[in-house]
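Dear colleague,

I am passing on the structure below, and I would be grateful if you could look it over alongside the notes that follow it.

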Amino acid sequence: MASYTPRVRKLYTLIFPLGDGRVLLGYKKRGFGRGKYNGFGGKVEPGETIAEGAIRELEEEAGIKAKDLPYHGILFLEATADPASPILEIHVFTSTSWTGEPMETEEMCPEWFSVPSNSADTSHPPIPFQTMWEETVEWLPILLGFYFPVSKGAEKIQMVHHASFKKGLNPQTGLQDIWHGMDENFIQWLGSDEADENGYPGRLENWTEEVKDRWIEERKKASFDA
Ligand SMILES: Nc1nc2c([nH]c(=O)n2[C@H]2C[C@H](O)[C@@H](COP(=O)(O)OP(=O)(O)OP(=O)(O)O)O2)c(=O)[nH]1
C-alpha cells in the first residue's frame, strides 16, 4: 500500500458570534491581518481540542465565553507564491449564546454589523467586506444567510473552501504581501449523511486528513486542466 504523508498544516479557529439580524466582527489591532475585520480566533495550542481553542481565543479577543458552538466548515488557505508555506486549516464556528459582554481587548475591537435578512438589525453598519480577507466574501454571506430565516436547515449544511493567495500589492500597507491577491478557490457544500458520487463523505467530521488532501489536489488539478 502506498504510504501517505500529510502536508504541513497549521490549525486555526474562527468564530462569528450572532445576534438577531447581526454579527459581531473584530477589528484586528495588531499582528497578522492587522487593519482587517474578521471573526475571532487564532492558533489551536498543543493539548487542546479545536473547540477548546475556539472558545479560548474568543474569550481572549472579545471578552465573551461561548456557551454554544455550531460547527460550519473548514477553510484551507494556501500561498501560491510560496509553495513551501503550510496550508492554514481554519475551523469555522458560530455562537448564539455566551456569558459576558463584548469588549475591546489588546488584539481586537469588537463591533456589531447588520446581516441582510428579513430580521436585519439595521441600527448597525453593513458587513465591511472591503476590509476583510478577500476570500471571506465568497462564503460568509452564505454562512450567515443560512443561519438566519432566509433559508432553512442551515445548521446541517457545512462547507470546505480552498483558496490560494498570490503575491500582490496590499492596499492597506502599500507593500508586496504573499497573502494578498486571491488565486484559485473552490468551495464544496456538504449536508448529507451519504458520500457524494466521488466518494467524499457528506459530513465534515468524516473527512480524514487523507480525504482533505485528495480533495484539494483534485480541485487544483481540475482547475489547471480546464
Ligand atoms: N477569513 C480568513 N481568516 C484568516 C486568514 N488568515 C488567517 O490567519 N485568518 C484567521 C485565522 C485566525 O482566526 C486569525 C489569525 O489568528 P492569529 O494569527 O491572530 O493567531 P493567534 O491569535 O494565535 O496569534 P498570536 O498573535 O496570539 O500569536 O485569522 C484568511 O486569509 N482569511
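Strands β5 and β6 pair in the antiparallel sense over six bridges, where strands are DSSP runs of E with at least two residues, helices are runs of H or I with at least four, both being numbered from the N terminus, and two strands count as paired if DSSP finds at least two bridges between them. Within this pairing, Tyr71 stands opposite Phe93 in β6. Strand β5 is also joined to strand β9 (residues 158-165) by seven bridges, and these two strands run parallel; here Glu78 has Ser164 in β9 as its bridge partner. Because seven of the nine residues of β5 (residues 71-79) are buried, this strand is largely enclosed by the rest of the structure. For burial, a residue is buried if 20 or more other C-beta atoms lie within 10 Å of its own, exposed if 12 or fewer, and partly exposed in between, with C-beta atoms placed from the backbone.

Please keep in mind that this is a predicted model, in which local features need pLDDT of at least 70 and side-chain atom pairs count only at pLDDT 80 or more, while totals for chains, interfaces and linings use all residues. Residues are numbered from 1 along each chain as its sequence is written. The mean pLDDT of the protein (the predictor's confidence in each residue, from 0 to 100) is 86, and 89% of its residues reach 70 or more. Over residues 146-154, however, the pLDDT is below 50, although this stretch has 17 contacts in the model beyond near neighbours in sequence; two residues are in contact if their C-beta atoms, placed from the backbone, lie within 7 Å. For the complex, the predictor gives an ipTM of 0.95 and a pTM of 0.91.

As for the protein overall, it has three helices and 12 strands, and buried residues make up 27% of its 226 residues. Of the contacts with a separation of 6 or more, 66% are between residues 24 or more positions apart.

Leaving out residues up to four places away in sequence, Val23 touches Phe16, Leu18, Phe113, Val115, Ile127 and Leu144.

Pro125, in the loop between β8 (108-114) and α2 (136-147), is exposed, with 10 other C-beta atoms within 10 Å, and beyond its neighbours within four places in sequence it is in contact with Phe113 and Ser114. Cys109 lies in strand β8 and counts as partly exposed, with 16 C-beta neighbours inside 10 Å; not counting residues up to four places away in sequence, Cys109 touches Gly26, Tyr27, Lys29 and Glu104.

With best regards
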